[in-house]
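Dear colleague,

Please read them with the coordinates open.

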Amino acid sequence: MNTDTMPDLHGNNSKLLLKDETQKLIGLSFEVLNEVGHGLNEKIYENSLVVGFKQLRIAFDQQRGFPAYFRGIQVGEFIPDLIAFNAVIVDTKVIERITDHERGQMLNYLRITKLRVGLILNFKHARLEWERVVLQFPSVFICVHLWLNL
């Protein structure tokens with residue numbers, strides 16, 4: 001049996017793009033949820049993550065604008081909540097559950113920013129719901145992880 005083609009069911013896949021960075025962000029998100037609580041306004045979680053970024057000395061941008069173009073003409077601006085490590089879009093949510101709508105939004109965010117990895121973090125419930133979205137070229141691949149137990 002060729003184990004090189006077998007899926008990694010134990011989380012030991014060191015080939016995940018920005019694996020260490022996303023693990024740190026998810027860990028910090030658990031800390032925020034445990035300390036702040038669940039179901040509050042999204043901005044509270046965004047700002048709490050910023051406090052954690054500063055304390056952990058994680059490079060970040062908050063509310064950085066990116067132009068959106070149609071046929072070479074700027075038609076608007078996209079402003080993601082957070083970009084951590086200059087590489088990962090972090091989108092805080094307080095919704096019933098993460099759906100294809102949020103996944104599609106994140107893919108668009110990744111295309112506009114020309115970044116490859118995004119995290120959708122849902123603070124609605126007592127258990128953090130999160131998904132890691134990866135934009136691969138030339139096609140799109142969504143790598144979804146749900147970690148529901150604290």
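A pocket, as the word is used here, is found on a 1 Å grid over the protein atoms alone, as an open set of points where a 1.4 Å probe fits, with protein on both sides within 12 Å along at least five of seven lines, and its lining residues have an atom within 4 Å of a point. The model is a predicted one, in which local features need pLDDT of at least 70 and side-chain atom pairs count only at pLDDT 80 or more, while totals for chains, interfaces and linings use all residues. Residues are numbered from 1 along each chain as its sequence is written, and side-chain values use heavy atoms, with hydrogens and water left out.

The second largest pocket is lined by L28, E31, V32, E35, V36, S48, V51, G52, Q55 and L56, and the elements that give two or more residues to this lining are α1 and α2. Its space comes to about 180 Å³, a volume being what is filled by probe spheres set on the points, which are joined across faces, edges and corners.

As to the fold, the protein has three helices and seven strands, in the sequence pattern α-α-β-β-β-β-β-α-β-β; helices (H or I, at least four residues) and strands (E, at least two) are DSSP runs numbered from the N terminus. Five of the strands form an open sheet in the order β1-β4-β5-β6-β7, with mixed pairing, where two strands pair if DSSP finds at least two bridges between them. Because β1 (60-62) and β7 (129-134) stand at the edges with a single partner strand each, one side of each is left without a neighbour in the sheet. From one strand to the next the twist averages 20°. The pairing of β1 with β4 (residues 82-84) is antiparallel over three bridges, and the bridge partner of F60 in β4 is A84.

Helix α1 (residues 19-36) lies across β4, β5 (88-93), β6 (117-122) and β7, at about 15° to β6, whereas helix α2 (residues 42-56) lies across β1, β4, β5 and β6, at about 150° to β1. Such angles run from 0 to 180 degrees between N-to-C directions, with axes fitted to C-alpha atoms, for helices over the stretch in contact, and contact means heavy atoms within 4.5 Å.

Strands β2 (residues 66-70) and β3 (residues 73-78) pair in the antiparallel sense over five bridges, with E77 in β3 as the bridge partner of P67. They form a hairpin with two residues between them, and R71 in the turn has a positive phi of about 50°.

With regards
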